[in-house]
Amino acid sequence: MTTATAPRISFKQQMLAAREDAIIAGVNRLLAEKGFDAMTVDEVAAAVGIAKASLYKHFPSKEDLAAAAMVRAMRRAVAFLEQVNPADSALQKLRATARWTMQLQLAGEMPSLPSQNSSLRATLLGNRDYMDALMEVSDRIGGWIEQAQADGAVNPKLPAIAVLYTLYARACDPVLEFLKMGGQHSDDEIVELVLSTCFDGLAARAA
């Protein structure tokens with residue numbers, strides 16, 4: 001019985017894949033720093049060190065560039081959720097997820113979500129890879145939210161979808177940057193402060 005071998009990838013294909021990886025990484029940084037509307041294709045080309053014409057051979061539009069970065073971000077989220085400790089409580093899983101997204105934002109690795117009327121949003125809605133990953137992430141986190149509510153760890157009167165969107169908002173929370181600019185707290189301290197306001201609220205707790 002013969003064993004099928006994977007098709008060999010040519011050197012040219014490897015170089016093209018490496019270039020696309022570099023392009024997507026550059027787009028991701030620019031999306032994190034500036035957002036989609038302010039980012040330009042010229043800036044992406046300059047960040048990667050290639051001509052704009054070469055860039056368009058890989059991605060035909062600014063929307064396609066950003067969509068590729070957003071797809072990778074969603075796949076990264078799926079991979080993170082899959083390795084969250086299954087023995088943790090639902091609340092611990094939610095806190096770990098929020099902590100991870102905020103750490104990425106502070107490290108400049110979290111692309112900003114597109115605005116409601118952005119052309120990127122329309123592109124993403126038509127991108128099956130992005131939508132499939134988004135649904136997988138939403139379903140998994142949504143299940144943890146419902147379990148946390150059943151456990152009494154999250155207010156059961158809150159619609160689960162409102163809690164989900166609140167957690168998503170932590171991935172682009174301006175409070176993180178404001179606290180970092182103040183220079184009074186480390187990144188880890190900032191994350192824990194925002195986690196506390198998100199999960200524990202602002203009301204004083206009785207001793």
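A: First a term: buried means under 20% relative accessible area, exposed means over 50%, and partly exposed is in between, with a 1.4 Å probe and protein chains only. This is a predicted model, where local features need pLDDT of at least 70, side-chain atom pairs count only at pLDDT 80 or more, and totals for chains, interfaces and linings use all residues. Residues are numbered from 1 along each chain as its sequence is written, and side-chain values use heavy atoms, with hydrogens and water left out.

Q: So is Arg95 buried, exposed or partly exposed?
A: Arg95 is partly exposed, at a relative accessible area of 21%.

Q: Which residue does Arg95 meet in a salt bridge?
A: Asp200, with N to O at 3.8 Å. A salt bridge here is a side-chain nitrogen of Lys or Arg within 4 Å of a carboxyl oxygen of Asp or Glu. Arg95 is in helix H5 and Asp200 in the segment after H10, 105 residues apart, and the pair links distant parts of the chain. Helices (H or I, at least four residues) and strands (E, at least two) are DSSP runs, numbered from the N terminus. Asp200 is partly exposed at 36% relative accessibility.

Q: How many salt bridges does that rule give?
A: The count is ten. One of them joins Asp21 and Arg72, at 2.8 Å from N to O. Asp21 sits in helix H1 and Arg72 in helix H4, so this pair ties together parts that are 51 residues apart in sequence. Both ends are partly exposed: Asp21 has a relative accessible area of 39%, and Arg72 has 37%.

Q: What about Arg76, what does it pair with?
A: Arg76 forms a salt bridge with Glu109, and their closest N and O atoms are 3.0 Å apart. Since Arg76 lies in helix H4 and Glu109 in the loop between H5 and H6, the pair ties together parts 33 residues apart in sequence. Arg76 is partly exposed with 39% relative accessible area, and Glu109 is partly exposed at 32%.

Q: Now pockets. What volume does the largest one have?
A: About 900 Å³. On a 1 Å grid over the protein atoms alone, a pocket is an open set of points with protein on both sides within 12 Å along at least five of seven lines, the probe being 1.4 Å, and lining residues have an atom within 4 Å of a point.

Q: What lines the largest pocket?
A: The lining has 40 residues, and Met74, Leu113, Tyr130, Leu134 and Tyr168 lie nearest the centre. H4 gives the largest share, nine residues. By class there are 30 nonpolar, six polar and four charged residues.

Q: And the second largest pocket, what is its volume?
A: About 230 Å³. Its lining includes Leu91, Asn155, Thr166 and Phe199, as well as Cys198. The largest share, four residues, comes from H8.

Q: How does that lining divide by class?
A: Nine nonpolar, two polar and no charged.

Notes. Grid points are joined across faces, edges and corners, and a volume is the space filled by probe spheres set on the points. Ala, Val, Leu, Ile, Met, Phe, Trp, Tyr, Cys and Pro count as nonpolar, Asp, Glu, Lys and Arg as charged, and the others, Gly among them, as polar.
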